[in-house]
Amino acid sequence: MAVIPVDRKPLSFAERTYMPQILSGMKITFKHLMAPKVTMEYPEERPAIPAGYRGVPTLVKDPNGREKCVSCQLCEFVCPPKAIRITPGEIPPDAPTRHVEKAPQAFDIDMLRCIYCGLCQEVCPEEAIFLQQQYTMTGYSREEMVNHKDRLYELGGTLPDEHYKWDKKKAAEEHGNAH
Amino acid sequence: MSDFFQLHPILLGILKGLAVILVIFPIAGVCSLAERKVSAWIQGRPGPNRAIPPWFAWVPVIGPFLQRLGVFHLMADGGKLLFKEDPIPGHVNKFYFMLAPLVGLVPAFTTVVVVPFGAYFDQAGHLIPLVLANVDVGLLAVFAVSSLGVYSLILAGWASNSKYPFLGAVRATSQLVSYELAMTLSVLPVFLWINAPGMSGSLSLARVVDFQSQAGFWGGAWFVFTMPISAFVFLVSLFAETNRQPFDMPESEADLVGGFHTEYGAFKWSLFFVNEYAHMTVGSGVFILLFLGGWNPLPWVSLATLIGWLSHLGAWAAHPLFVGVLSVVIFITKIITMLFVFMWVRWTLPRFRYDQVMKIGWQRLLPLAIANLIVYTVGIALLQK
Ligand code: SF4
Ligand code: SF4
C-alpha cells in the first residue's frame, strides 16, 4: 500500500489558544444536555438477551413435564468451583413422571461459587441443565444465593426437546430391541 | 436594611449573617445534587431519580415528579453521609485529620461577609448594598481569606500520612500560588478604572457594581465587555483556585486516587465538597460583581432602570424590601448560572496534565495578565488625562 505522508499543519493562533475548540465543545455538550436520554432504566426496562447467553444455570423439564436430569452427577463432578451438590434418588415405579430409574432428590447450585463457565451444560448427557438468560441473581444472605431444585426448575422451565431420548428408548423397548 | 427595620445593629448583623449562611449552605448542598443531575443530562441519562420518602409516594402528581427530578436524593445523600461508618485510618495524625475539613469551612463561609449580594435604595435614592460588611478592602479580603481554604487541603494531605493525599496537597498549594498572581493582576484594571485620580480609592465590590450601573453606553457596559481579557484570566484562575475540572489536580482520581481526600469518608469527606461548592459560589459571586454587573439584570439595564419600569405598575415596586429581594434574586440567579457553567465545563474538557496546569498558569495567564494590566494602565492614563 502506498504510504502517503501527511504534513502536520502548524496550529493557527486561534487553535493554539484552544478557546474556539473549547467553545465548540461546550456547544456540543450543551446539545447533549437537551438531547433525549438514551439510558435504559434497568429494573423496569431490560435489555434483550441474545440467544446462547450464559446466565444462571437452570434445570429444565422435557415437554412431557418430566425431569430430564437422571442425577448422573457428571455436572457435579465437572463443575470447577464445586458449586453443584446433588443427592441422587430413585423415582417410585408408579410415579406419573416415571420414565427413568433415577432423578435427583436434591439439586443445589451455590451461585456464590458458580463461575458461569457452562461446563455443566456441556457435560450433561440428558441436556437437563442449561445456562439461561437469567442474569440478575441477588440475595440478602448466603442461604438465599443457593438455588435449590424447585427453584432451578422454576427458573429453567421447559425448553424444546429435539431428541425425546427416553420416548425413543421406550418405543424401542416395546419393539423388543432395548439397546 | 438598617433604616428600614430599625433594629439594633448587632442583632441586625446576626440576622443578616444567619440569612446568608442559610442561603450559602443549601446552595452548596444542592450543588452536589445539581452536579449529579447536570452530569447525567450531559451524558444523556436521567440521573438520580429513585429516592423517595414513603409518604411522599402517595402524593399523586407531585410525588413522582419530584422523584424523577431527584430532589430526595439530597436527603438520601445527606442521611447516608451522616450515618455511614466513618473509619479513621490508624496511621494518621488524628487531631489534624479531623481538623482539616473544619478548617476548610472557615474561609469558605467567611468570604461571604464582604460579598454584596444585592442592593436597595434608601429614601434619598442612594444605593445601599446588601452586604454583611461593606468594607473598602472588599476584594482584598476575598482574595486573602479565600486562599486560606488551601490550608484545609494541605492539612488533610499531610495529616493523612500517605503519598497520594500528600501529592494532592502539594499540587493544591502550587496551583493556588500559580493562579493567585494572575487572578489578582487581572482585576487590577477594573479598580484602576473605577478609582479616578483625586477620589478616595476603594476596593469595595459594591463600588464596582455601582460603576457598572451608570447611565450611558460606557457607564452601563459590564466590565466583561470593556475588559474581556481580565474577565477571561479571572475566570480561568477561578476554575483553578476552586479546583474545578479541568484544573482539579489536587484530587484527580485518575492519577492520585482522589488526592487529598483519599483517606476521608462519610461526613468529613462531604465537608470538603461543601467547601468546594461554597468556594465556587463565592468565587462566581465575585466574578459576577466584577465583570457581570452584579445585581443589574442586563447590560445597560441597571437595577434602578428596572425599578423605574416596574414603578409604572405600582408604588410597591419602589419599596426597599421589594427592591432588596429583587436584587438578591437577580444576583442568585446569576450565581446559579455560573455554577451551571462550572459543571458544564467540567463535562466538556478533559483534565489537564499537571505540567500543563503549571505551564498555563505561569507561561500563559501570568504574562497575559501583566500585558493586560499594562495596556489598560496606559489606556486609562491617556483617557483620564
Ligand atoms: S456453570 Fe460452571 S461453575 Fe456454574 S454450576 Fe455449571 S459447571 Fe459449575
Ligand atoms: S444435570 Fe445432567 S449432568 Fe447433572 S446430574 Fe443431571 S443428568 Fe447428570
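Is B:Arg346 buried, exposed or partly exposed, and what is its relative accessible area? B:Arg346 is partly exposed at 22%, where buried means under 20% relative accessible area, exposed over 50% and partly exposed in between (1.4 Å probe, protein chains only). This is a predicted model, where local features need pLDDT of at least 70, side-chain atom pairs count only at pLDDT 80 or more, and totals for chains, interfaces and linings use all residues. Residues are numbered from 1 along each chain as its sequence is written, chains are lettered from A and ligands numbered from 1 in the order in which they are written, and side-chain values use heavy atoms, leaving out hydrogens and water.

**Confidence**
- The model comes in at ipTM 0.74 and pTM 0.76.
- Chain B has a mean pLDDT (the predictor's confidence in each residue, from 0 to 100) of 81, with 95% of its residues at 70 or more.

**Salt bridges**
- There are 14 salt bridges over all chains, each a side-chain nitrogen of Lys or Arg within 4 Å of a carboxyl oxygen of Asp or Glu.
- B:Arg346 pairs with B:Glu35, their closest N and O atoms being 3.0 Å apart.
- That pair links distant parts of the chain, 311 residues apart.
- B:Glu35 is buried, at 6%.
- B:Asp248 forms a salt bridge with B:Arg351, at 2.5 Å between the closest N and O atoms.
- B:Asp248 is buried at 0%, whereas B:Arg351 is partly exposed at 27%.
- Shared partners join B:Glu35, B:Arg244, B:Glu276 and B:Arg346 into one salt-bridge network.

Note on methods: Helices (H or I, at least four residues) and strands (E, at least two) are DSSP runs, numbered from the N terminus.
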